[in-house]
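Subject: Structure for you to look at

Dear colleague,

I am passing on the structure below, together with some notes on what was found in it. Please read them with the model open beside you.

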Amino acid sequence: MNLNPTPEAISLSVEAGDSAHIRVEGVTVTRGSRRVLNDVSVTVSARSRVAVVGENGRGKTTLLHVLAGLITPDEGSVHRSGTTGLARQELSVPDGATVGTLTSEALTASLAALAALDEATLAMADGDPAADDRYAAALDAATRLDAWDAERRVDVALEALRACAERDRPLSTLSAGQRYRVRLACLLGARHDVLLLDEPTNHLDADGLEFLTRRLREHDGGLAVVSHDRALLRHVADRFLDLDPTRDGRPRLYAGGYNAWQDARRRERERWEQEHEEQLAERRRLKDAVSKARDRLSTGWRPDKGTGKHQRQSRAPGVVQALNRQQEALEAHRIDVPEPPSSLRWPDLGLRPGAPQLRAYGITVEGRLADPVDLTLDGGDRLLVTGPNGAGKSTLLAVLAGSLEPTGGYVRTANGARVVRVTQETAEQDPGLTAHEVHAHHVGRLVAHGALHEADAIPLGALGLLDPQAMRTPVGRMSQGQRRRLDLALALAGRPGLILLDEPTNHLSPALVDELTDAIRHTSAAVVATHDRQLLRDLADWPRLEVGGSPAQGVRPGEPRSSGA
């Protein structure tokens, strides 16, 4: 969709069908002093299903733009054959552009193929001897594009994604989410040889997600997708290009599906951690040997009292030589295995099972949470809150956390209970403060208010959420994923008994979300509000409260339930 100098969908050559591909070899991209991509090689061919994964800031979007031809790499080569459609996370809107502008550009190739077919047909009727070849080529192009059905495909996609189908509607009058859905529908209807999709599940509801998943599985061409949606990756991808740190600093390409990627990644990380720990242990051993040799030199080599001076002198050179050998061994030792990234270390929050935490009675919020909700949450309890967008899931969690007063009903928190909430979007922090300083100020406020003893606070570095460099980084320069990790660290700092998580998978990598899911399944007490398909499956055995839909299921046997929330 050529709406600006860096188009959303770009045709890089004539349609190539089964021979279509994009191949990058040894690609490196540097921005200022930072190397965004390092020695990346991958091929997206016809029928490829490549997921590009990694933490925020690892270069996933940059790689898609290299594949699409929007960025020229500093090193390496790129080869393309076939047409390419790119869906970026954001869509700029030129003056005067309408929904029809997008749909027309999506249909350009199909309409051109049909026009060429009509022209060749007329030429054959006129007896043009060269028309046969033109007709065959046009028919092949139209068949591969299924050009006769192109407009219907776009209309079907617009309806399925709940996107605006009014061709004369100015894009400037649509919300960002509505524009995104129009653009995505056009891409899905256009039948490009290779699709490059950057977070395509943004702004989609459950039905839209199911439609997108089905269409991508049916796509005849190649696909490279950047997504935090684990359900989409599980259903669509068969290869995973992981841009997260590795032992040798190069990205890894894993064959197989989601579970194969996770298993291989875990084994490689375990080997990396073992090799690093072995080198550290050897260095500790060498330091200890030097220390012992030095002690022997100063005291341990001396013979018993009364022994002749010549005996002491004869022993000294051997002890000195031993010390020198140990020092030389220590100086020669090198730790050449880099420190591996840490994994999430969820703390023991120390809450006794069954310890009272929170009671909610008949809570409602005018215009935001219509049906009264009753809840009982104690130590060891879990609750999954579901419902459509706008039904009041976030509102309910805000009331339970005490940050929003209900219109009706009330909430009682037990004496000494610590309830925290992690919101959908990253919390506002002073952008000039480092993550370490933000954490220290947060703990200081908890201590000052008597909510926490300083000795009980969980240090920022103890959770494995941020590496040392990230902890020293000003919040204003942190990626969205890093800020989300900081939010989790701040929530855990005060050892809460009950943690309320609103869309906890937002802005986190699939690998970290898997770790987080395992952690919250075993934490003291938790309430999770989400529409994340994979998380809903992972927590399917939890009691469920549906807000804004059918009557709620029981939270705990024998305890109060919502009255139709």
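Two strands are said to pair if DSSP finds at least two bridges between them. With that in mind, and remembering that this is a predicted model, you will find that strand 2 (residues 21-31) and strand 3 pair in the antiparallel sense over 8 bridges, and that Val27 stands opposite Val40 in strand 3.

These strands belong to an open sheet of 3 strands in the order 3-2-5, with antiparallel pairing, in which strand 3 (34-45) and strand 5 (75-81) are the edge strands, each pairing on one side only. Neighbouring strands of this sheet are turned against each other by 15° on average, direction ignored.

Helix 1 (residues 60-68) packs on the sheet, where it touches strand 2, strand 3 and strand 5, and its direction makes about 130° with that of strand 2. Because 8 of the 9 residues of helix 1 are buried, this helix is largely enclosed by the rest of the structure; among the buried residues are Leu63, Leu64, Val66 and Leu67. Just after helix 1, Gly69 takes a positive phi of about 90°.

With best wishes

Notes
Residues are numbered from 1 along each chain as its sequence is written. This is a predicted model: local features need pLDDT of at least 70, side-chain atom pairs count only at pLDDT 80 or more; totals for chains, interfaces and linings use all residues. Side-chain values use heavy atoms; hydrogens and water are left out. Helices (H or I, at least four residues) and strands (E, at least two) are DSSP runs, numbered from the N terminus. Axes are lines fitted to C-alpha atoms, for helices over the stretch in contact, and angles run from 0 to 180 degrees between N-to-C directions. Contact means heavy atoms within 4.5 Å. Buried means under 20% relative accessible area, exposed over 50%, partly exposed in between (1.4 Å probe, protein chains only).
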